[in-house]
Amino acid sequence: MPYCVVSHGDPSAGAAAGGGEDDVRIFYQRYGHGGTKVLLIIGFAGTHESWEPQVKGLTGAVEPVDEESPAGDNDGAAGEGVEVCCFDNRGIGRSSVPPHKSHYTTVIMAKDALALMDHLGWRKAHVFGHSMGSMIASKLATIAPERVASLALLNTTGGGYQCIPKIDWQTISLACRFLRARTPEQRAGVDLDVHYTREYLDEIVGSNTRRQKLYQEYVKGLSSCGMQSRHGFEGQLNACWTHKLTQKELDRIRSSGFLILVIHGRDDVVAQLYHARRLAEKLQPAAKLVELHGGHLVSHERTAEVNMYLMEMIKASKSNTDQEEWSNLPKKSDDQLLAGSDSRLAKRECNIIVICNLLGKLQLILLFFFGVFYIILEHAKRVLRVLKPVRVSASSL
C-alpha cells in the first residue's frame, strides 16, 4: 500500500524520523507518467477517488502507477506527459484519523501535502484543490510558494464564517438530513443533493436518471470505505472553521509569480460564489475566475470544461504567460485605488446590502425556531389536556 508517514503536528519531523506510534499515515495514489507533476487535494469528507474525472482527463489513465516505478522529478525531466498524485487527507479514507481536533488545521494538512511531495521526490508541482482542499492548497502556497508551479482553487471560500452556506429552507433541510444520516444509503441521498444541481441529477442516462445511477455508485463507495469517523468529521470541520488567509499571505501568493485559477459552480449550495469572487479579486492580477453552471462538485458536473481550464493553465505556466495577460478580472486603476467619495459611497451601499442580507437570514432563522417552538407548545397543550383531571360536581353524585 502506498503511504507517506508524517507526524500529528509536524509532518516533516514524522517523515524524517521514519514513523512512530504518534505518526499519521497518508494514503496516496499516482497516475500517469511524465515531467509535469500535478498534486490534487480533495475537500471535506472526500477521498482521493473523487478526483477520478480529472485524473482521467489529465493523464488518460484509470489505473494507479506501480509504486515500484520511479516517480521522476520536475517539469521537463521525464518527458511531456502528466503525472498526477491524489491522496486521502488525514481523517478520511485509508489515511490515519488523529483523535484530537488540534491535529487538524489547514496549515498541518498543507505540511502533509508538502511531506508527500518530498516523499515522491517532487521539487515543484501544479497544485489543485477542491473545497477544503483549496484552503489547504492556498496554505501550501503561502508556506512554500517556490514549490508551486500553478494554483487551482475549485469551489473555494476563505474559511471561517465563509464556510456557512446560504441560509434558506433548502440548506436547512440538507443540514438536518446530513446530521440524521447514519447509513451509506441515507448519506448518499444527501450527498447527491449537496454535490449536484437538480437539473443534472434528473437527466436521463440510458434507462434511468443520473440520480439513480450516481446513488448506486455513492452507496457502493461509502460501503467499501465506511462512513467518516466522528474524530475525522470534527477534525476536518475544525480545519475549515479555523482557516484564514491574512493580507500578508494573500500578498505572498499574489506576488509569487505563478498563475492562479478559481473555478466555481454558480449553483453551489455549500460554498457561496460571492466568496470565491472576492478571493479571486484579492489575488489579482495573478488570478483568473471561471464560473460554470453546476453545483459544489462542478469538477464532476462540468468535467470537460474544468479539465480544459486546468490544462490551459498548465500550458500557460509552461509558456511563462504573464499574470496580467492570464487574468480575466478588471484591472484596478490608480483612480480606483485612490478612491474618493464615489468609492466610499459604493462601500456604504455594499455594507447596507450585507446588513440587509444578514437581517434576512436572521429573520429566516427566527421563523424556523418559532415554528419549532410553536409545534412543541401545541404538543404540550394536547398532553396537558389529556392529563388534566375532570372536575365532578356534587349535584351529579
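The model is predicted, so local features need pLDDT of at least 70 and side-chain atom pairs count only at pLDDT 80 or more, while totals for chains, interfaces and linings use all residues. Residues are numbered from 1 along each chain as its sequence is written, and side-chain values use heavy atoms, with hydrogens and water left out.

Start with confidence. pLDDT is the predictor's confidence in each residue, from 0 to 100. Its mean over the protein is 86, and 77% of the residues reach 70 or more. One stretch to treat with care is residues 334-346, where pLDDT stays under 50. The model has 2 contacts (heavy atoms within 4.5 Å) for that stretch beyond four places in sequence. Where pLDDT is low, the predicted coordinates should not be read in detail.

Next, the overall build. The protein has 16 helices and 10 strands. These are DSSP runs, numbered from the N terminus: helices are H or I with at least four residues, strands are E with at least two. Among contacts with a separation of 6 or more, 78% join residues 24 or more positions apart. Of the 397 residues, 45% are buried. Buried means under 20% relative accessible area, exposed means over 50%, and partly exposed lies in between (1.4 Å probe, protein chains only). The accessible surface comes to about 20,800 Å², and carbon and sulfur atoms hold 56% of that surface. Areas come from the Shrake-Rupley method with a 1.4 Å probe; for residues, only the protein chains shown count as cover.

Now look inside. A nonpolar core is a set of buried Ala, Val, Leu, Ile, Met, Phe, Trp, Tyr and Cys residues joined through side-chain atoms within 4.5 Å. The largest one has 47 residues, and Leu-39, Leu-151 and Ile-260 have the most contacts inside it. Helix H3 (residues 106-120) gives this core its largest share, 8 residues. A second, separate core has 26 residues, including Leu-58, Ile-263, Met-313 and Ala-316. Leu-151 touches Met-313, and its other partners include Val-127, Phe-258 and Ile-260, not counting residues up to four places away in sequence.

Charge comes next. Side chains of opposite charge can pair when their charged atoms come close. A salt bridge here is a side-chain nitrogen of Lys or Arg within 4 Å of a carboxyl oxygen of Asp or Glu. The whole structure holds 15 of them. Arg-30 pairs with Glu-83, with the closest N and O atoms 2.8 Å apart. Arg-30 sits in strand E2 (residues 23-31) and Glu-83 in strand E4 (residues 82-87), 53 residues apart. Arg-30 is buried at 1% relative accessibility, and Glu-83 is buried at 2%.

Asp-112 and Arg-90 form another bridge, at 2.7 Å from N to O. Asp-112 belongs to helix H3, while Arg-90 lies in the loop between E4 and H3, 22 residues away. Both residues are buried.

Arg-177 and Asp-193 also meet, at 2.9 Å. Arg-177 is in helix H5 (residues 169-180) and Asp-193 in helix H6 (residues 184-195), so the pair ties together parts 16 residues apart in sequence. Arg-177 is partly exposed at 28%, whereas Asp-193 is buried at 19%. Shared partners also join Arg-30, Lys-37 and Glu-83 into one salt-bridge network.

Tyr-161, Ile-164 and Trp-241 make a nonpolar patch of about 370 Å². Patches are made of residues with over 30% relative accessible area and no salt bridge; like charges are joined within 9 Å, nonpolar side chains (Val, Leu, Ile, Met, Phe, Trp, Tyr) within 5 Å. Trp-241 lies in helix H9 (residues 230-242) and is exposed, at 51% relative accessible area.
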